[in-house]
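The following paragraphs lead through the fold as a whole and then through its aromatic rings. Please keep the sequence and the model in view while reading.

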Amino acid sequence: MWPSVLKLFGITNELSNVLQRKDLNIVIAMELVDDVKARLATTRESGWDNLFSDVQDFCVAKGIPVPNMDDEIPVRGRSRVEGRTVTNLHHYRAKIFYVAIDKICVEMDHRFSEESNIILNCFSCLDPKNSFSKFNVDKLARLADIYRVDFSDDDRGTIRDQLETYVLQVRRNASFSTCEDVQSLAMKMVQTEKHLVFPLVYKLIELALILPVSTSSVERAFSAMKIIKCKLRNKINDVWFNDLMVCYTEREIFKSLNDIDIIRTFTAKKSRK
């Protein structure tokens, strides 16, 4: 059943790759989440025949015997004394194929809960493509209520007016037509000093940019903690542990550094252990 497992993983592969990127595009992630859920539902409903055909071809090519799907086998997990049997077709389709898809769907629902989807959907309204076609004042203003710690009562009362004025200006300003994502929008806001004119809108953009840091990057950091703080390092102090965490999580940056330059930098320091 390895081909079937690989095919199921292939459905979620694009979404997994996007979510692991540090420059995560929220709009693309939201679209992929919906697409993956739809593909899984379609595969569960009508994908068994095509999948089984691929598995048969794989088994024939590798010389693996294919069981007769009409043969009956004892129900696994039950005593043979009971005499309960099911067909191979029921076992592989209901007990493996359906269960694998259901587990993936449950995990996706856990990872992308209704609250998370609402937040991502609201942030996607900042997308500058097609002259800010997805811009929605109500959804963006709702973010100010969700992130109450970052917005005062006065901010929540005036953010709607600021959003409406903001979208009129950026749609008229030709320089914003080149923005392709939230990252480029933030840079253009600073270049044109619009971040000073619309500070509340810029705060929403900042929250959208740090959102990936609070999701996938945090999970990667916790995984790194398990690797670094092992039994041999269970008494490591916080400062040394933090330094090791930075080196491990940002190892791609450290790989590009020259060892000689690092040695010279430490040598030039006067106060060191």
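A residue is called buried when its relative accessible area is under 20%, exposed when that area is over 50%, and partly exposed in between, with a 1.4 Å probe and protein chains only. The model is a predicted one, in which local features need pLDDT of at least 70 and side-chain atom pairs count only at pLDDT 80 or more, whereas totals for chains, interfaces and linings use all residues. Residues are numbered from 1 along each chain as its sequence is written, and side-chain values use heavy atoms, with hydrogens and water left out.

The protein contains 15 helices and 2 strands; these are DSSP runs numbered from the N terminus, with helices (H or I) of at least four residues and strands (E) of at least two. Of its 273 residues, 31% are buried. Among contacts with a separation of 6 or more, 56% are made by residues 24 or more positions apart, a contact being heavy atoms within 4.5 Å.

A pair of aromatic rings is described by the distance of the centres and the angle of the planes. Rings of Phe, Tyr and Trp (its six-membered ring) pair if their centres lie within 6.5 Å; planes under 30 degrees apart are stacked, those over 60 are edge-to-face, and the rest are tilted. The whole structure holds 7 aromatic pairs. One of them joins F97 and Y98, a tilted pair with 5.7 Å from centre to centre and 45° between the planes. F97 is buried, at 3% relative accessibility, while Y98 is partly exposed, at 22%.

Another pair is formed by F135 and Y166, which counts as tilted because the ring centres are 5.8 Å apart and the planes lie at 40°. F135 belongs to the loop between α6 (129–132) and α7 (137–146) and Y166 to helix α8 (residues 153–172), so the pair ties together parts that are 31 residues apart in sequence. F135 is buried, at 12% relative accessibility, and Y166 is buried as well, at 1%.

F97 and Y98 also belong to one aromatic cluster together with W48 and F52. Over the face of Y98 lies R44, at 4.5 Å from the ring centre. For a charge to sit over a ring, NZ of Lys or CZ of Arg must be within 6 Å of the ring centre and within 35 degrees of the ring normal. R251 is placed over the face of Y248, at 4.5 Å from the ring centre.
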